[in-house]
Number of protein chains: 2
Amino acid sequence: MKTRSPQQDEQHLTEQLGATGLRLTPQRQQVYDVLRHKRDHPTAEEVFIRAKKAMPEISHATVYNCLDALVKSGLARQVTLDRGATRFCPNMIEHGHFHCDVCATVFDVDLPEQAMKLPKGFKADHFDIAIHGVCADCAKKK
Amino acid sequence: MKTRSPQQDEQHLTEQLGATGLRLTPQRQQVYDVLRHKRDHPTAEEVFIRAKKAMPEISHATVYNCLDALVKSGLARQVTLDRGATRFCPNMIEHGHFHCDVCATVFDVDLPEQAMKLPKGFKADHFDIAIHGVCADCAKKK
DNA sequence: AGCCAATTTAGAATTGTTCTAAATCTTGAC
DNA sequence: GTCAAGATTTAGAACAATTCTAAATTGGCT
């Protein structure tokens, strides 16, 4: 896992947001910290709850706004698994998500090096790969 | 595209539903027909509107129930693209979905024959592959 | 200092989905 | 055939996730 000093982190945020025409605000910083702190693919609601601990006045709408801002500037990714709330992930390395149907944990998984081959003329921007199944721990227990 | 006679179709539905302990009802038949008729990955709401044309008394909840029943018995798949309504697809051959960010059309795409390699002990049940980008037509126009 | 645009806030509104309870339909046992 | 048990449908309420709105706040920039 890549680590950065708080200073590097802040600079990185400012740059990435700036490139999209957005500012680094304390709220965006906070939301980003929440994502980096515990990488368990929280929903917007969960991010809200965690951010509130450090910043009690933060509002619901702001968390959505911040998450959008982070996604737009390439600092976080949305993870969509089935119906239900969207989850967020600060790991920007190309990867997929494995969802355990038993314990509901979400794992990051590497993608096959080979790119998906698309029909002629199609341009891929990003991939969203979700795999549903049973994780090693749950498979063992059963 | 595989085609079946109405009789074969009905038998196929009865069998697949039956194997999951469910019945073939006129509503389920209708919802399945809607999916097979125009394979543009409609949302539940769109399925509802189309089904209503042939069966005006069908209710919202029934459409959800029918779609669930079809998914559970392996007659249709859910397609989740970003936030927003879940879409449905009667193509049960393993495939991914390409979503054009310009015209919003959803295309079925083949998957690389090679399976995703998972960490030891993980058992995959099914894959959900969404690719976001620009389709050939839209890329040309621009 | 003062202005303009970006951002945040609380809460209302909207959207998509699920739940509930009553009515209806099927199926299998007799 | 008839009846009971269970599955399914229905309308509408309830719920959850997200977006919108309008007003207040903040942060540069001249």
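1. Strand β5 of chain A and strand β5 of chain B (residues 123–134) pair in the antiparallel sense over eleven bridges; two strands count as paired if DSSP finds at least two bridges between them. Helices (H or I, at least four residues) and strands (E, at least two) are DSSP runs, numbered from the N terminus. Within this pairing, A:H126 has B:H132 as its bridge partner, and A:A124 is bridged to B:G133.

2. The model is predicted: local features need pLDDT of at least 70 and side-chain atom pairs count only at pLDDT 80 or more, whereas totals for chains, interfaces and linings use all residues. Residues are numbered from 1 along each chain as its sequence is written, and chains are lettered from A and ligands numbered from 1 in the order in which they are written.

3. Strand β5(A) also pairs within its own chain. Four bridges join it to β3(A), and the two strands run parallel. In this pairing A:H99 is the bridge partner of A:H132.

4. The contact between the chains takes 34 residues from chain A and 34 residues from chain B, where two residues are in contact if their C-beta atoms, placed from the backbone, lie within 7 Å. On the side of chain A that touches chain B, β3 (96–100), β5 (123–134) and α5 (136–141) of chain A each supply at least two residues. The most comes from β5(A), with twelve residues. By class, this side of chain A has 16 nonpolar, nine polar and nine charged residues; Ala, Val, Leu, Ile, Met, Phe, Trp, Tyr, Cys and Pro count as nonpolar, Asp, Glu, Lys and Arg as charged, and the others, Gly among them, as polar.

5. In helix α3 (residues 44–54) of chain A, the residues A:A44, A:V47, A:F48 and A:A51 are buried. Seen down the axis of α3(A), the buried residues fall within an arc of 105 degrees, so they line one face of the helix; the arc is that of the directions from the helix axis to the C-beta atoms. The face turned away from the buried side carries the exposed residues A:E45 and A:K53. A residue is buried if 20 or more other C-beta atoms lie within 10 Å of its own, exposed if 12 or fewer, and partly exposed in between, with C-beta atoms placed from the backbone. The buried residues of α3(A) pack against α2 (26–37), α4 (60–72) and β2 (87–89) of chain A.

6. A:F88 is found in strand β2 of chain A. This residue is buried, with 23 other C-beta atoms within 10 Å. Leaving aside neighbours within four places in sequence, the contacts of A:F88 include A:V47, A:L35 and A:L67.

7. DNA strand C is surrounded by 24 residues, of which the closest are A:T25, A:Q27, A:S59, A:T62 and B:T86; a residue is near a molecule or strand if its C-beta atom, placed from the backbone, lies within 6 Å of it. The largest share of this surface, five residues, comes from α4(A).
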